[in-house]
Amino acid sequence: MSAPISWSVVSASLIFLVLAAGGGRNPASATHGMLVVANQREHTALLIDPETRQELAKVSVGVNGHEVAVSPDSRFAYVPIYGNSGVGKPGTDGATIDVVDLHDRKLTATIDLGKPLRPHRAEFGPDGLLYVTAELDKAVDVVDPATRKVVAQIPTGAIESHMIVISPDGRRAYTANVAAGSVSVLDLKQRSLVTVIPVAKTVQRISISADGKRVYTHDQETPRIAVIDTATNKVASWISVPATVYSSSPSADGSKLFASSPSGKIFVIDLASAKVEESFDIPPAVGELLLAPGGKLAFVSCPAAGTIEILDIPGHKLLQPIKLTPGVDGLAWAPAIP
């Protein structure tokens, strides 16, 4: 399962007002944006209206898609097809990325990666290319979305490179290497490995600050979060938390870190003091934590419960969740498609 994405600017305040009121509008006329959700148990990509909490479309994809990325123009969603197992476990080995047309709401293409790779997390860089973790090759594949071809591969130097984030300037990428317990630093211009940073015995997911100065990943053995200084490529400090964290996302202003836990918690962490200042009870969360544009709402996928939990950040409260089906995992944001 799975990990932060660059979001198009939309009116998140409008989402908050409608959600808080419990009201809804005709989804076809919505202009606020929508959630794209990978459901790995159903083998689908779900298009969800966050105002009405309704499913706009369900598109079948391969077995299994854990994660999803939306193109910069918001026309397509890309779902890497991982295979029918969990990370590091026996099972099938995926070799493709399914492409969903968000306008027509259907599967429109499949990108062949050429060999079994267990592709997992996909992220668009500022250069418009799609970067996809390729676990079995200890690498990241670089895909040109225009030609739908692999144009390069960057080694990570570690097993189970599961998640990836990209710096705002597009110069660096960072992968969370699960069983290796490390973070790889990649030079995207030179398409080379810079270094591998030891972190813990096992890690999960990864996030990056809006200014690109800090990367966060999560120790799965000890309840703590590693804070990596991207200038030195070293673990600069640790944040202690009440329970292990699976996913996180920093606020745009860099003051808070929002983190979700398999114990069934959302933690709000003050980064200046490195202390948890609030916590909220949710179902066990081994999916993704996504901040909506504008930073008013946090969405957390809970695969076992089949829900997307919603935290009203300025209101300091949980809102009514989006109820889907078990298996919901990766999340992405897209502006409303006309």
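**Figure 1. Confidence along the predicted chain.** The structure shown is a predicted model. Its protein chain has a mean pLDDT of 91, and 91% of the residues reach 70 or more. Residues 1-31 have a pLDDT below 50, although this stretch makes 91 contacts in the model beyond near neighbours in sequence. Where pLDDT is low, the predicted coordinates should not be read in detail.

**Figure 2. The open sheet β24-β25-β26-β27.** Four strands, in the order β24-β25-β26-β27, make up an open sheet with antiparallel pairing. At the edges stand β24 (289-291) and β27 (317-323); each has a single partner strand, so one side of each is left without a neighbour in the sheet. From one strand to the next, the twist averages 20°. At one end of the order, β24 runs antiparallel to β25 (residues 297-302) and is joined to this strand by 3 bridges. Leu289 stands opposite Val300 in β25. At the other end, β26 (residues 307-312) and β27 pair in the antiparallel sense over 5 bridges, and Thr307 stands opposite Lys323 in β27. Most residues other than glycine have a negative phi, and most peptide bonds are trans.

**Figure 3. The hairpin of β2 and β3.** Strand β2 (residues 44-49) pairs with strand β3 (residues 54-60) over 6 bridges in the antiparallel sense. Leu47 has Ala57 in β3 as its bridge partner. The two strands, β2 and β3, form a hairpin with 4 residues between them. Arg53 is placed in the loop between β2 and β3. The phi of Arg53 is near 65°, a positive value in a residue other than glycine.

Figure 4. Val63 and Asn64 are joined by a cis peptide bond, with omega of about -15°. Asn64 belongs to the loop between β3 and β4 (69-70).

**Figure 5. The open sheet β8-β9-β10-β11.** This open sheet has 4 strands in the order β8-β9-β10-β11, and their pairing is antiparallel. Its edge strands, β8 (119-124) and β11 (149-155), each pair on one side only. On average, neighbouring strands of the sheet are turned by 25° against each other, direction ignored. Strand β10 (residues 139-144) is joined to β11 by 6 bridges, and the two run antiparallel. The bridge partner of Asp141 in β11 is Gln153. Strands of a sheet pair through backbone hydrogen bonds, either parallel or antiparallel.

**Figure 6. The second largest pocket and its lining.** The second largest pocket holds about 260 Å³ of space. It is lined by 16 residues, of which Arg214, Tyr216, Val227, Gly254 and Leu271 are the closest to its centre. Two or more lining residues come from each of the elements β17 (214-219) and β19 (234-240). The largest share, 3 residues, is given by β19. By class, the lining of this pocket consists of 9 nonpolar, 3 polar and 4 charged residues.

Terms used:
Residues numbered from 1 in each chain as written. Predicted model: local features only at pLDDT ≥ 70, side-chain atom pairs only at ≥ 80, totals over all residues. Heavy atoms only, no water. pLDDT = per-residue confidence, 0-100. Contact = heavy atoms within 4.5 Å. 1 Å grid on protein atoms, 1.4 Å probe; cavity = no way out; pocket = protein on both sides within 12 Å on 5 of 7 lines; lining within 4 Å. Points joined across faces, edges and corners; volume = space filled by probe spheres on them. Nonpolar A, V, L, I, M, F, W, Y, C, P; charged D, E, K, R; others polar. Pairing = 2+ DSSP bridges. Axes fitted to C-alpha atoms, helices over the stretch in contact; angles between N-to-C directions.
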